[in-house]
Amino acid sequence: MRVPAPLLESMRGDLERPHPFADERVGFLLVGQSPGRRETLLMARKYISLPDAEYIEDHGVGARIGEEAIRTAMRHALAGEGVFHVHMHAEDGRPAFSCVDVENLAELIPAFCKAAPALVHGALLLSNDSGIAQAWTRHGDENGVPVERISIVGSPLHLWEGRS
Amino acid sequence: MTVDARHSRQDFLGRDAPRLLRTLKVGVVGLGGGGSHVVQQLAHVGFRRYALFDGDRIEKSNLNRLVSGTVLDAWLGLSKRYIAKRAIRRVQPDAHIEAYACRWQDKPEALSSCDVVVGCVDGFAQRRELEAAARRHHIPYVDIGLDVHQDPNGVQPPRMSGHVILSMPGQLCMQCMQLLSEANLAKEAARYGDAGIRPQVVWANGVLASTAVGLVVDLVTGWTQSLNPPVYLSYESNVGVVQPHPRLPHLPKVCVHYPLQGAGAPRFVVL
């Protein structure tokens with residue numbers, strides 16, 4: 001996955017904003033794709049920020065988003081965009097999806113794959129200085145596969161290797 | 001941590017530099033006067049992964065500038081790819097090198113898998129195509145070019161000038177920087193078949209190649225902490241000066257030619 005540095009900055013800027021009741025914020029990253037024989041390249045195109053009103057109050061999780069947010073993302077998938085759920089853990093170093101993340105994403109992302117099966121969809125998790133991503137395809141593992149590398153394309157370039 | 005003795009004099013590039021130089025893949029399109037310099041320097045710096053594109057063979061007329069090309073190479077008619085690979089392997093024997101005789105357009109996956117691309121091509125149309133491909137795949141693109149302008153009246157001495165440009169995804173492109181324009185592309189198309197022999201010399205190519213490699217290393221390592229695109233350097237060889245192009249302060253702030261939403265394979269949208 002390749003993410004231009006200015007786009008990453010705008011994602012962080014949005015995700016770091018406090019929410020009236022949610023501990024975390026969520027957004028969606030739209031990606032273009034370039035399938036190849038050995039690898040599929042994902043190019044981050046646009047970040048979709050979710051308005052405060054599209055969150056559901058649930059203090060058992062970091063953030064819960066409502067149906068309208070999911071419909072917004074689904075419309076983009078149907079329009080031919082790869083959709084990546086994005087959120088952030090406020091910590092340093094390589095982050096890890098929590099058990100709640102894994103459970104919820106395993107339910108959400110395959111729905112995008114059913115709607116737009118020709119594309120790769122997934123989830124991107126950021127920390128203060130790093131990130132990881134998981135990708136789902138129509139016929140793949142129900143828990144997705146790690147994105148092998150995330151390149152932040154700026155000056156300088158940054159590489160986040162997917163496999164530890 | 002063991003520092004490779006070969007690179008002990010460049011540890012100012014940062015602790016992570018050796019890993020980055022080993023890991024990142026550089027594409028070099030054109031292995032002539034400029035590209036042969038670029039490839040040699042990249043190898044010395046420590047890059048290990050390459051995708052090289054050039055279908056030509058060395059001729060005697062290339063010997064004034066094709067770095068590491070020899071009289072024997074020209075007599076044998078070796079490919080420029082072979083010469084470039086040889087130059088790399090002399091310094092990086094375990095480098096992973098993909099070398100293509102075809103046009104890069106015929107091996108798009110090879111180009112798109114690169115982390116940085118350096119274009120050492122002739123012509124505005126080639127530059128535009130390469131930059132467009134790099135933008136589609138969010139790849140930083142470094143372009144170098146040299147030209148010699150002769151006074152049609154034969155009064156003034158020739159003027160040799162060149163450029164090095166860094167085109168970054170989401171930032172100003174070569175059209176924004178006015179190196180490429182519809183006017184100069186049209187003029188070039190009208191001259192097709194009558195391009196003539198373009199003067200080229202090793203020292204000027206060397207200046208441009210060294211500047212380009214310096215940019216690539218800074219892009220990869222961040223060692224100067226001051227690389228701030230857009231980067232458009234102009235080279236006035238007659239006076240030996242490389243400096244930011246005077247046009248820079250007057251350029252637009254945003255690129256309208258390559259929006260980020262255009263990245264990736266084209267897709268059909270229902271209207």
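Helix H2 of chain B (residues 33-45) has 13 residues and reaches 19 Å from its first C-alpha to its last, close to the 18 Å expected at 1.5 Å a residue, where the expected span is 1.5 Å times one less than the number of residues. Helices (H or I, at least four residues) and strands (E, at least two) are DSSP runs, numbered from the N terminus. The model is a predicted one, in which local features need pLDDT of at least 70 and side-chain atom pairs count only at pLDDT 80 or more, while totals for chains, interfaces and linings use all residues. Residues are numbered from 1 along each chain as its sequence is written, chains are lettered from A and ligands numbered from 1 in the order in which they are written, and side-chain values use heavy atoms, with hydrogens and water left out.

Because 10 of the 13 residues of H2(B) are buried, this helix is largely enclosed by the rest of the structure; buried means under 20% relative accessible area, exposed over 50%, and partly exposed in between (1.4 Å probe, protein chains only). Among the buried residues are Gly33(B), Gly34(B), Gly35(B), His37(B) and Leu42(B). Just after H2(B), Gly46(B) takes a positive phi of about 130°.

H2(B) belongs to a right-handed β-α-β unit together with strands E1(B) and E2(B); a crossover is right-handed if, with the strands pointing away from the viewer, the path from the first strand over the helix to the second runs clockwise. In strand E1 of chain B (residues 25-29), five of the five residues are buried, so this strand is largely enclosed by the rest of the structure. In a regular strand the side chains alternate between the two faces of the sheet. In E1(B), Lys25(B), Gly27(B) and Val29(B) point one way, and Val26(B) and Val28(B) the other way. Two strands pair if DSSP finds at least two bridges between them, and E1(B) pairs in the parallel sense with E2(B) (residues 49-53) over five bridges. Four bridges join E1(B) to strand E4 of chain B (residues 116-119), again in a parallel run. Val26(B) has a bridge partner in each of these strands, namely Tyr50(B) in E2(B) and Val116(B) in E4(B).

A further helix of chain B, H8 (residues 202-221), should span 28 Å with its 20 residues at 1.5 Å a residue, and its end C-alpha atoms are 28 Å apart, which agrees. H8(B) is mostly covered, since 15 of its 20 residues are buried, and the helix is followed by Gly222(B), whose phi is positive, near 70°.

The structure holds three cavities of 30 Å³ or more. On a 1 Å grid over the protein atoms alone, a cavity is a set of points where a 1.4 Å probe fits but cannot get out, and a pocket is an open set with protein on both sides within 12 Å along at least five of seven lines, while lining residues have an atom within 4 Å of a point. Grid points are joined across faces, edges and corners, and a volume is the space filled by probe spheres set on the points. About 60 Å³ of space lies in the largest cavity, whose lining includes Ser151(A), Ile152(A), Cys114(B) and His138(B). E10(A) gives the most to this lining, with three residues.

The second largest pocket contains about 930 Å³ of space and is lined by 32 residues, of which Arg38(A), Glu39(A), Thr40(A), Leu41(A) and Glu148(A) lie nearest its centre.
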